[in-house]
Amino acid sequence: MGKISPLAVAERTAAKMMDMAPAQFRELVAQGVLPRPRKVGPLERWDAEELRSVMRGDFVDGYEDVQW
């Protein structure tokens, strides 16, 4: 089996994906610049593909289900 790409990541990993400190990441989430986490049972996890979409400029909050 090859390398597995994560579907969801914890805050620390999400911050690393964005090359920033967890505190910076948390602040951008609070400001609405970055997407909020999803609840997975008692855990909060960020959708890894959503974070990639932000960096590509494809993510528009509130319009994720719209087919352009």
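User: Let's start with F25: is it buried or exposed?

Analyst: Keep in mind that this is a predicted model. In it, F25 is buried, because its relative accessible area is 0%, which is under the 20% cut-off.

User: And what about W46, buried or exposed?

Analyst: W46 is buried too, with a relative accessible area of 4%.

User: How many aromatic pairs does a search of the whole structure find?

Analyst: The search turns up one aromatic pair. F25 and W46 form it, in an edge-to-face arrangement, with 5.2 Å from centre to centre and 70 degrees between the planes.

User: Which parts does that pair tie together?

Analyst: F25 sits in helix α2 and W46 in strand β3, so the pair links parts that are 21 residues apart in sequence.

User: Which residues make up the largest nonpolar core?

Analyst: There are 10 residues in that core: V9, A14, A15, M18, F25, V29, L34, W46, A48 and L51. The elements that give two or more residues to this core are α1 (11-17), α2 (22-31) and α3 (48-56).

User: OK, switching to the sheet. In what order do the strands come?

Analyst: Three strands make an open sheet in the order β1-β3-β2, with antiparallel pairing. β1 and β2 are at the edges with a single partner strand each, so one side of each has no neighbour in the sheet.

User: How many bridges join β1 to β3?

Analyst: Two bridges join those antiparallel strands, β1 and β3. As for V9, its bridge partner in β3 is W46.

User: Where does α3 lie?

Analyst: α3 lies across β1, β2 and β3, and runs at about 45 degrees to β3.

User: Which residues of α3 are buried?

Analyst: In α3, the buried residues are A48, E50, L51 and S53. They pack against β1 (8-9), α1, α2, β2 (38-40) and β3 (43-47).

User: What does A48 touch?

Analyst: Leaving out residues up to four places away in sequence, A48 touches P6, L7, A8, V9 and M17.

Technical notes: Residues numbered from 1 in each chain as written. Predicted model: local features only at pLDDT ≥ 70, side-chain atom pairs only at ≥ 80, totals over all residues. Heavy atoms only, no water. Core = buried A, V, L, I, M, F, W, Y, C linked by side-chain atoms within 4.5 Å. Buried < 20%, exposed > 50% of the residue type's maximum accessible area, 1.4 Å probe, protein only. Helix = DSSP H or I, 4+ residues; strand = E, 2+ residues; numbered from the N terminus. Contact = heavy atoms within 4.5 Å. Pairing = 2+ DSSP bridges. Axes fitted to C-alpha atoms, helices over the stretch in contact; angles between N-to-C directions. Phe/Tyr/Trp six-rings, centres within 6.5 Å; stacked < 30°, edge-to-face > 60°.
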